[in-house]
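The following exercises are to be worked through with the sequence and the coordinates at hand. Each task is followed by a solution in steps.

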Amino acid sequence: MPRYKLTIEYDGTPYCGWQQQAELRSVQQAIEEAVEKFSGERRRLATAGRTDAGVHALGQVAHVDLVRDWPTDKVRDALNAHLTAAGDLVFILAAEKVADTFSARLSAQRRRYLYRIVNRRPPPALDRLRAWHVIRPLDIAAMREGARHLVGHHDFSTFRATDCQAKSPMKTLERIDVARDGEFVLVETAARSFLHHQVRFMVGSLAQVGLGRWQPDDMLRALEARNLARSGPMAPAHGLYFVGVDY
């Protein structure tokens, strides 16, 4: 039975997140419905990482097993045709045949996220639901200094959602970069895996540094507290993007 690796882009605004939920439309549901209409098979997708409601993806990865050995371009184009017909904001960028030992989740070596902040006084029109609007100027140098305290293997309990199902709060953050691109502040992160809401809590805390409410070393003190109460506010979901997965 051929296994197909799907690279997926989506606007998370109208969805309850990646995972199927009763009475709410999810990204997973949209693709699985397209798979059934295309192939006649009801199949469950496995994904590299579940995203929350409102979170977007530039390179989400999932895999699906199909009975028939379809050409990869046919899989991509047929799924996109059905997704378009359904009015979904989800599209397959690529379909590849992979070994049956490949797992979108378990084979992943690194997951990468981007957080976008539009940093200006006027509200954004085009990026209203695709970036966090922060009115006051952000000090990028201070944010970078604060971010360096987070790199490495740590207990990230301070930046962990209360409903996080991870067995351990210990994670290794390989990279976190803060950069300005015109009116945008971009926070890029990479790790093998993340805790639930970890990126959004880290970005919300770094924003406190950028606004001058925290000193850069307050990031270290927050991390060492291992207590969610010491985190800054959680950044909104609509500024977060699942960028890609390294295998």
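A salt bridge is taken here as a side-chain nitrogen of Lys or Arg within 4 Å of a carboxyl oxygen of Asp or Glu. The model under study is predicted.

**Exercise 1. Determine how D73 and R76 are placed relative to each other, and whether their side chains are buried or partly exposed.**

Step 1. The side chains of D73 and R76 form a salt bridge, with an N to O distance of 3.6 Å.

Step 2. Both residues belong to helix α2, where they stand 3 residues apart, about one turn of the helix. An α-helix has 3.6 residues a turn, so residues three or four places apart point the same way.

Step 3. The relative accessible area is 46% for D73, which is partly exposed. R76 is also partly exposed, at 24%.

**Exercise 2. Identify which parts of the chain are tied together by the salt bridge of R130 with D11.**

Step 1. In this salt bridge, the closest N and O atoms of R130 and D11 are 2.5 Å apart.

Step 2. R130 is located in the loop between β5 (110-119) and β6 (132-134), and D11 in the loop between β1 (3-10) and α1 (27-39), so the pair links parts that are 119 residues apart in sequence.

Step 3. Burial is judged next: under 20% relative accessible area a residue counts as buried. D11, at 14%, is buried, whereas R130, at 35%, is partly exposed.

Step 4. The loop between β5 and β6 also holds D127. D127 is buried, with a relative accessible area of 18%. Apart from its neighbours within four places in sequence, D127 is in contact with R116 and F184.

**Exercise 3. Describe the salt bridge of D88 with R25, and then the cavity that both residues line.**

Step 1. The side chains of D88 and R25 meet at 2.9 Å, N to O.

Step 2. D88 is buried, with a relative accessible area of 5%; R25 is partly exposed, at 27%.

Step 3. The count of cavities of 30 Å³ or more comes to 1. The largest cavity has a volume of about 40 Å³, and its lining includes R25 and D88 as well as A30, E33, A34, K37, H82, L83 and A86.

Step 4. The elements giving two or more residues to this lining are α1 and α2. The largest share, 4 residues, comes from α1. By residue class, the lining divides into 4 nonpolar, 1 polar and 4 charged.

**Exercise 4. Which residues of helix α5 (residues 217-225) are buried, and what covers them?**

Step 1. The buried residues of α5 include M219, A222 and L223. Around the axis they cover an arc of only 100 degrees, which puts them on the same side of α5.

Step 2. Their cover includes α3 (140-147), β7 (152-155) and α4 (198-210).

Step 3. Just after α5, R226 adopts a positive phi of about 55 degrees.

**Exercise 5. How many salt bridges does a search of the whole structure find?**

Solution. The search finds 20 salt bridges. Among the residues involved, R110, R112, E174 and D246 are joined into one network by salt bridges that share partners.

Terms used
Residues numbered from 1 in each chain as written. Predicted model: local features only at pLDDT ≥ 70, side-chain atom pairs only at ≥ 80, totals over all residues. Heavy atoms only, no water. Buried < 20%, exposed > 50% of the residue type's maximum accessible area, 1.4 Å probe, protein only. Arc of directions from axis to C-beta. Contact = heavy atoms within 4.5 Å. 1 Å grid on protein atoms, 1.4 Å probe; cavity = no way out; pocket = protein on both sides within 12 Å on 5 of 7 lines; lining within 4 Å. Points joined across faces, edges and corners; volume = space filled by probe spheres on them. Nonpolar A, V, L, I, M, F, W, Y, C, P; charged D, E, K, R; others polar.
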